[in-house]
Amino acid sequence: MTGRRRSLLMILSGAVAALGHAPLSWAVLTLIGFGVAAGVFVKCASPRPAAIAGWFFGIGYFAVALSWIVEPFLIFPVRDGWMAPFALVGIAGALSLFWAAGFAAAHGIGSGNASRCLALAVAVSVAGILRENILTGFPWALPAYVWVDSPVAQSAAWFGPHMLSFLTVLLSGAWLLEKRIWLGSGLALAAFSLLWLAGYERLRGAVEISDDAPLLRIVQPNVPQALKWHPDYSAEFQHRLLALSAADTTEQPDAVIWPETAATFLMRPGDPRLEGISAVAGERPVALGIRRREDGRLYNSLAVIGPGGIVSGVYDKQRLVPFGEFIPFPEWLGMIGLSAITADSFGNFSKGAGSRTVRLGDIGEFLALICYEAVFPRSVRAAPRTSGLLQITNDAWFGNISGPQQHLAQSRMRAVELGLPLIRSTNTGISAAVDGKGRIIDSLPLGQTGIIDVRLPPALPPTLYARFGDMPYFFTVICLSAILAFRRHRIRH
């Protein structure tokens, strides 16, 4: 196979593999895509063509999985639309570098089809760890997430998403077990069936929600992003939030949840607008997204407003979106003559101090998550254990197709991993209440204005992943890497 044909095949197989993610969620295509990639990979003559193959596979995968990345540039298309294709190509190309390095490393330590496929599974899963931690981090679209709607996802409660990504890639390439294709395929099917049955058994147990559990009201105002900050409309949107919060129902909620930056004014102690929000909510706690300034710094925050408009808790977002909420490397940009976009007037947010819980009155403590902070599994797991996960986000930036659905899927995986309920309020959808096994109890679809009144599901006992984190995964990776390296050394000598 020529290099050009191999590159084209890898792009296509990567695109097919990405279709396992929402909104299609065809996980079998992910297995097929990775299976084809593994077949091409084992035939590469050296690490260099393997790296090129891995890069092109990543281009296809990330271009499809992250196609929603163009949406923020289409909010104001005349001004920003020209940047959309460059953003998609740029981020797909950058993330593909992780897989290019992984394919090269896997080829270097593997020898023979079986060992190289095993090394590839290790390398792709390790790339997910690196994507979570290098620079600002962006571990979106891990292979593990294609299973979120199947019983297989429950295995994340035992050994986390990175081990599940490892198993996904390994099962995809099992058909290459030397020349015994039938044996490799049979072993893969048996392992997959075991994961499915174990997950199915875990899902059989219902999560009992008490009739007297706290009642939470999740508000989805459905505010168009292009008009959100327009001075002619902001008052109308704030009135919509207040009206939804005060909706007359049979039973009034114990707390109200608004989405990210729902309040269009800056938070200041004693602001009568905060008191008005509290009054409308019947003096019950209101968790809302709001901006605030402190010591000259601007923060994207989650605040809890108590009776009388008193701010009882504040969390400042710590995982900021590069170029969306802050400009990375301002000194470097200034050196090459782009100092204008690094000015404070651009609206740079400052990073919060770290993970923090917030208390919703007598309901309990919740881990506060703003926007895509919920896609960082190791960060969420490392935070203190609470009554649940409280995520506020504005997915209007992500469009109406894949972005919001993928974001919800990844947030649901955090609930599975930790056995904690997830309460999620978004601006335009998808708002949802999720139990500790990742099942959606109630939700509001994209583009709909409304509320969800839902009883808070109980926190389940700590899962194995909640207790031990990625330690089993790291132990597995280290042992397998040592075995592969030793085997490679013996073959060479």
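I started with the rings: Phe34, Phe41, Phe57, Tyr61, Phe62, Trp99 and Phe103 are linked into a cluster by ring pairs. For the record, rings of Phe, Tyr and Trp (its six-membered ring) pair if their centres lie within 6.5 Å; planes under 30 degrees apart are stacked, over 60 edge-to-face, the rest tilted.

Ground rules before going on. This is a predicted model, where local features need pLDDT of at least 70, side-chain atom pairs count only at pLDDT 80 or more, and totals for chains, interfaces and linings use all residues. Residues are numbered from 1 along each chain as its sequence is written, and side-chain values use heavy atoms, with hydrogens and water left out.

**Ring pairs.** I get 22 aromatic pairs in the structure. Helices (H or I, at least four residues) and strands (E, at least two) are DSSP runs, numbered from the N terminus. Both Phe138 and Tyr372 are buried; that means under 20% relative accessible area, with exposed over 50% and partly exposed in between (1.4 Å probe, protein chains only).

**Charges over rings.** The test is NZ of Lys or CZ of Arg within 6 Å of the ring centre and within 35 degrees of the ring normal. Lys228 passes over the face of Trp229 at 5.2 Å from the ring centre, and Arg273 passes over Phe265 at 4.2 Å.

**Helix H2.** I checked the length of H2 (residues 27-42): its 16 residues should span 22 Å at 1.5 Å a residue, and the end C-alpha atoms are 23 Å apart, which agrees. The expected span is 1.5 Å times one less than the number of residues. Twelve of the 16 residues are buried, among them Phe34 and Phe41. The buried residues of H2 pack against helix H1 (3-18), helix H3 (47-65), helix H5 (84-109), H6 and H7, contact being heavy atoms within 4.5 Å.

**Ile218.** Is Ile218 buried or exposed? I find it buried, because its relative accessible area is 0%. Ile218 belongs to strand S1 (residues 215-220). Beyond its neighbours within four places in sequence, Ile218 has contacts including Ile257, Ile423, Gly450 and Val454. I also noted Pro259, 41 residues from Ile218 in sequence and 8.5 Å away, C-alpha to C-alpha.
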